[in-house]
Amino acid sequence: AEITGDQPFSGFPGLDRIILQLDGPPMTLQVDGQDHPIAAPFAFPGEARVTCRISAPGPAHDLNLMLRRTAFRGSM
């Protein structure tokens, strides 16, 4: 995915998500009110309220793995 500025993430109830930043300015996810700088793969529930911030202008790129919680487990 390409992140071009601060933005909310869509909710995906019932899914587990893992995100890994690939390039661009550093990203921070705010997940249910808590900040999480993305320096390594980061897992969070799809129903969480998530906002992404990037620290400088320019696009950031990330890889998202989304899995149905009741059927699969994932890792990066």
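Predicted model: local features only at pLDDT ≥ 70, side-chain atom pairs only at ≥ 80, totals over all residues.
Reader: How do strands hold together in a sheet?

Author: Strands of a sheet pair through backbone hydrogen bonds, in a parallel or an antiparallel sense. Here, 4 strands make an open sheet, ordered S2-S7-S4-S5, with antiparallel pairing.

Reader: Which strands stand at the edges, and why is one side of each left without a neighbour?

Author: Strand S2 (7–8) and strand S5 (34–37) are at the edges. Each has a single partner strand, so one side of each lacks a neighbour in the sheet.

Reader: How many bridges pair S4 with S5?

Author: Strand S4, residues 27–31, pairs with S5 over 4 bridges, in the antiparallel sense. Take Thr28: its bridge partner in S5 is Pro37.

Reader: How does strand S3 run relative to S6, parallel or antiparallel?

Author: Again, start with the general idea. Pairing can be either parallel or antiparallel. Strand S3 (residues 15–23) and S6 run antiparallel, joined by 4 bridges. Asp16 stands opposite Pro45 in S6.

Reader: Which residues of S6 are on the covered face, and which on the uncovered one?

Author: Strand S6 spans residues 42–45. Phe42 and Phe44 make up the covered face. Ala43 and Pro45 make up the uncovered one.

Reader: Now Phe72. Is Phe72 buried or exposed?

Author: Exposed means over 50% relative accessible area. Phe72 has 52%, so Phe72 is exposed. Phe72 is in the segment after strand S8 (60–68).

Reader: How far is Phe72 from Ala40?

Author: In sequence, Phe72 and Ala40 are 32 residues apart. In space, they are 21 Å apart, C-alpha to C-alpha.

Methods
Residues numbered from 1 in each chain as written. Heavy atoms only, no water. Buried < 20%, exposed > 50% of the residue type's maximum accessible area, 1.4 Å probe, protein only. Helix = DSSP H or I, 4+ residues; strand = E, 2+ residues; numbered from the N terminus. Pairing = 2+ DSSP bridges.
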